[in-house]
Amino acid sequence: MAKKANPIGYEFNKGVWGENPVLAALLGLCPVLAVTNTAENGLAMGLATSFVLISSSFMVSILRKVIPKQVRIAGYIVIIATFVTMADRFLAAYFFEISKSLGPYIPLIVVNCLILGRQEAFASKNSIFRSLVDAIGMAVGFTWVLVILGGIREIFGSGSLFNIALFGDWFEPWMVMILPPGAFFTLGLMIAAYKLTNMKGA
Amino acid sequence: MELILVFISAAIVNNFVLSYFLGICPFVGVSKKIDSAISMGMAVTFVMAITAIVTWLIHHLILVPYDLLVLEYVAFILVIASLVQLVEMFVRKVSKPLYDSLGIFLPLITTNCAILGLALFAILREYSFAKTLSFGLGAGAGFTLALVLMAGIREELELAEIPKPFEGAGITMIVAGCLALSFMGFAGLISA
């Protein structure tokens, strides 16, 4: 990490593209692969994770001088678990359908390495404002990858996007795309495309 | 008989890594060498079996009787974190080389979704105590299997010529996709 503080725009952009949590750092892959069989699920998961990430970054940053170093990881996890419980209850109360289709993957946000990673690497060392910007950048980066991945899989796997049918009757859905292997293939291709773009720019 | 079915279902038919996408981080991170894949698998299996027992007890003896289900996630993750700490100390004492080769991924078992996922799935499906234990062992075996298979393939891949953008993570995902595809062949072996 450079001595001089990076400009605030950089902290935001690195999450969205340069150090994208999914494509570059390969963090939080479990929810990325598991729930992206439709764009809608991807979006819901992205937003739930964003909420938890931003709130816990905020909280950890406030408490960064209070939490003793030895027990910091346990402390972060308790903070994260609290926010996840909130998100879980909220979804179950207001968006029951989505909550049902995401199932146990909502509580699993607790162990999303992306969130814990940002607390450890950033929020515990930076001011509240900078931590928030960093968290929002990462959240945006995470969400767009989920929505695109879910969108690609939904288009090929079910012939629709956000539950709106795109093709006529002639379209035969590629079952494999909404099944587990499709998730791996699509993400593999997306990572390759991401790297290719970066190589061209360099 | 039912216990065996639960075991096989968790290990092969609904493999944790390849069909539930739990524990992808170590799956991608530690699957470069077969040796470390095996020891990682062992460590995870061990933690899984204990977690399955402890979380079952907590859920049925503390959270349900006292109506504290809101605290479920917090309680589970704390239990898992302390268990992992215990395993880490144990491994460091018993085998230093193993400890070094697992490196950062040992503490990261805490944030291995497979462990928490196991606890949540076991409760969601209302397994009995014995079934939960068998489920934990099966999931651990399945995780180890997937990890070792992947490590074997990646050792070969080192020698292969891979298009530049696919190097590293890209090709790993594609290979994992192929593995998942072949594991789908087991679907229907056991219903549910």
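Guide: We start with Gly150(A), which lies in helix α7 of chain A, the helix that covers residues 128–158. Please keep in mind throughout that this is a predicted model.

Is Gly150(A) buried or exposed? A residue is called buried if 20 or more other C-beta atoms lie within 10 Å of its own. Gly150(A) has 29 C-beta neighbours inside 10 Å, and therefore it counts as buried.

Which residues does Gly150(A) touch, if its neighbours within four places in sequence are set aside? The contacts of Gly150(A) are Thr36(A), Asn37(A), Thr38(A), Ala39(A), Asn41(A) and Gly42(A). Take Thr36(A) from that list: Thr36(A) and Gly150(A) are 114 residues apart in sequence, yet their C-alpha atoms are 4.2 Å apart in space.

That pair can be set beside a figure for the whole chain. Among the contacts in chain A between residues at least 6 apart in sequence, 76% join residues that are at least 24 apart. Chain A has 9 helices and 2 strands, and their order along the sequence is α-α-α-α-α-α-α-β-β-α-α. The radius of gyration of chain A is 18 Å, close to the 17 Å that the globule rule gives for 202 residues, so chain A is as compact as a globular protein of that length. The C-alpha atoms of chain A fill a box of roughly 60 × 45 × 25 Å along the principal axes. Of the 202 residues in chain A, 48% are buried.

Helix α4 of chain A, residues 72–94, packs with helix α6 of chain A, residues 113–123, at an angle of about 130°, and their axes are 10 Å apart. The crossing in which α4(A) passes α6(A) is right-handed. On the side of α4(A) the contact is made by Tyr76(A), Ile77(A) and Ile80(A), and on the side of α6(A) by Ile115(A), Leu116(A) and Gln119(A). Sorted by class, this contact has 5 nonpolar residues, 1 polar residue and no charged residues.

Helix α4 of chain A also holds Thr85(A). Thr85(A) has 20 other C-beta atoms within 10 Å, so it is buried. Between Thr85(A) and Ser56(A) there are 12 Å in space, C-alpha to C-alpha, and the two are 29 residues apart in sequence. Which residues does Thr85(A) touch, not counting those up to four places away in sequence? Thr85(A) touches Val70(B), Tyr73(B) and Val74(B).

Those names carry us to the other chain. In total, 34 residues of chain B are in contact with 32 residues of chain A. On the chain B side, the elements that give two or more residues are α2 (16–20), α3 (24–29), α5 (72–94), α7 (113–124) and α9 (169–183). The largest share of that side comes from α9(B), with 8 residues. The residues of chain B that touch chain A divide into 27 nonpolar, 6 polar and 1 charged.

Chain B has 9 helices and 0 strands. For chain B the radius of gyration is 17 Å, close to the 16 Å that the globule rule gives for 192 residues, so chain B is as compact as a globular protein of that length. The box filled by the C-alpha atoms of chain B is roughly 60 × 45 × 30 Å along the principal axes. Buried residues come to 48% of the 192 residues of chain B.

Most residues other than glycine have a negative phi. Phe21(B) is not a glycine, but has a positive phi of about 60°. Phe21(B) is found in the loop between α2 and α3 of chain B, and is buried, with 27 other C-beta atoms within 10 Å. Glu126(B) also is not a glycine and has a positive phi, of about 55°. Glu126(B) sits in the loop between α7 and α8 of chain B. With 8 other C-beta atoms within 10 Å, Glu126(B) is exposed.

Terms used
Residues numbered from 1 in each chain as written. Chains lettered and ligands numbered in written order. Predicted model: local features only at pLDDT ≥ 70, side-chain atom pairs only at ≥ 80, totals over all residues. Axes fitted to C-alpha atoms, helices over the stretch in contact; angles between N-to-C directions. Helix = DSSP H or I, 4+ residues; strand = E, 2+ residues; numbered from the N terminus. Left-handed = near helix turned anticlockwise from the far one by under 90°. Contact = placed C-beta atoms within 7 Å. Nonpolar A, V, L, I, M, F, W, Y, C, P; charged D, E, K, R; others polar. Buried ≥ 20, exposed ≤ 12 C-beta atoms within 10 Å, placed from the backbone. Rg over C-alpha atoms; globule rule 2.2 N^0.38 Å.
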